[in-house]
Each structure stands twice: as C-alpha cells, then as structure tokens.
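Trainee: Please take me through one part of this model in detail. I would like to look closely at the charged side chains and how they pair.

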Amino acid sequence: MPTEIERKFLVRDRSIVSELVGVKMAQGYLADNGMIVRVRVAGDKGFLTLKGKTVGLSRAEFEYEIPLADAQALLADFATLGRIEKVRYYLPVNELTFEIDVFEQELAGLVTAEVELPSEDHPVPPLDWLGEDVSHDPRYRNSELAVSRTVPR
C-alpha cells in the first residue's frame with residue numbers, strides 16, 4: 001500500500017520562494033468517510049487523491065492523474081467539503097524536496113512547507129526559513145483549511 005510520511009512546517013521567511021517558479025493549484029474535497037477524497041487541478045493537470053487516517057506522520061495515499069476536464073468538473077460541481085487555492089513551489093534540499101504552499105483568497109498570508117520523508121525518524125535539516133512544526137496540528141491540514149477558510153492563530 002502506498003504510504004505518505006510527511007512533516008509540515010510554517011514558513012518563517014517567505015522570501016524563500018522569491019527565486020522559484022510556482023504551480024497554481026486549486027483543490028477541493030469530495031468525501032471524508034475516514035478516507036479523504038480530494039480533486040486537484042495543478043497547472044494543466046488533474047489529480048484524484050485518496051488519503052487514509054494519519055497515524056504518527058504516516059498515512060495511506062493513493063494518487064491518480066485524471067483528465068484535466070474531469071478534474072475541473074469535479075472541482076466545480078462536487079467539491080462540497082471545501083476548496084483551497086494556492087501556489088506551490090518546489091525546493092530541493094539535500095535528498096529531500098520541500099513543497100512550499102503560498103495560500104490565496106481567505107487563506108492569504110498562510111505559507112507552509114511540507115516534506116515527504118523516507119521514514120518517520122528521518123531527520124529534517126535545520127533551515128533558517130522554517131518555522132514551527134505543525135505536523136500534528138489538525139488545523140493546518142489542507143482538508144481542514146478548506147472547511148474553516150481561516151488562517152489558524
């Protein structure tokens with residue numbers, strides 16, 4: 001079973017993305033019955049993702065590329081559990097790649113960085129631009145942000 005092991009941080013220094021090229025994303029949530037079902041439009045691609053319950057830093061994740069028109073239709077007509085828009089930047093650091101999300105609309109001002117790890121005990125390098133570790137704070141899950149539409153304080 002595909003497993004995602006991920007840590008999430010607030011970004012202290014947002015200038016880290018100033019030299020990077022981002023990908024505009026819109027994502028919406030279709031179902032949550034213990035498994036979250038998400039549709040995403042990322043640039044000119046569409047994705048359908050199913051995510052299981054998080055245990056520690058790990059959870060089952062199944063992601064499939066789908067036709068862009070299908071993703072747009074699902075997002076427009078069936079994302080009843082909330083939507084978010086953001087620009088994602090990719091920043092390689094050693095053997096890891098940080099995904100830095102700059103949120104838009106009601107979530108403007110929120111910038112997070114996620115990093116997928118090969119194991120739960122894999123160290124994350126200390127980086128000056130990384131802020132608080134919010135990996136275990138459910139308020140910062142994208143699915144929760146899509147519902148609340150407010151930046152956690």
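Mentor: E114 is buried, because its relative accessible area is 5%, under the 20% cut-off. Keep in mind that this is a predicted model.

E114 has a charged partner. R88 forms a salt bridge with E114, and the closest N and O atoms are 3.7 Å apart. This pair joins distant parts of the chain. R88 sits in strand 6, and E114 sits in strand 8, residues 111–116. The two residues are 26 residues apart.

Now take R88. Its relative accessibility is 3%, so R88 counts as buried too. R88 also meets D101 in a salt bridge, at 2.7 Å from N to O. Again the link runs between distant parts of the chain: D101 belongs to strand 7 and R88 to strand 6, 13 residues apart. D101 is buried, as is R88.

D101 has a further partner, K86. Their side chains form a salt bridge at 3.0 Å, N to O. K86 lies in strand 6, residues 83–93, while D101 lies in strand 7, residues 96–103. They are 15 residues apart, and this pair too links distant parts of the chain. Both K86 and D101 are buried.

K8, K86, R88, E99, D101 and E114 are linked in a network of salt bridges. The salt bridges of the model number 15.

Next, the charges of the whole chain. There are 18 positive and 26 negative side chains. The centres of the two sets lie 4 Å apart.

Now the setting. The chain has two helices and nine strands. Their order along the sequence is β-β-β-β-β-α-β-β-β-β-α. Strands 6, 7 and 8 carry the residues traced above: R88 in strand 6 and E114 in strand 8, with D101 in strand 7.

Contacts across the sequence are well represented. Of the contacts with a separation of 6 or more, 59% are between residues 24 or more positions apart.

Then the overall form. The radius of gyration is 15 Å, which agrees with the value near 15 Å for a compact globule of 153 residues. The C-alpha trace spans about 40 × 35 × 30 Å along its principal axes. Of the 153 residues, 48% count as buried. The chain exposes about 8200 Å², and carbon and sulfur atoms supply 54% of that area.

Back to the starting point.

Notes
Residues are numbered from 1 along each chain as its sequence is written. This is a predicted model: local features need pLDDT of at least 70, side-chain atom pairs count only at pLDDT 80 or more; totals for chains, interfaces and linings use all residues. Side-chain values use heavy atoms; hydrogens and water are left out. A salt bridge is a side-chain nitrogen of Lys or Arg within 4 Å of a carboxyl oxygen of Asp or Glu. Helices (H or I, at least four residues) and strands (E, at least two) are DSSP runs, numbered from the N terminus. Buried means under 20% relative accessible area, exposed over 50%, partly exposed in between (1.4 Å probe, protein chains only). The radius of gyration is taken over C-alpha atoms; the globule rule is 2.2 Å times the number of residues to the power 0.38. Contact means heavy atoms within 4.5 Å. Accessible areas come from the Shrake-Rupley method with a 1.4 Å probe; for residues, only the protein chains shown count as cover. Lys and Arg count as positive and Asp and Glu as negative; His and the chain ends are not counted. The place of a charge is taken as NZ of Lys, CZ of Arg, CG of Asp or CD of Glu.
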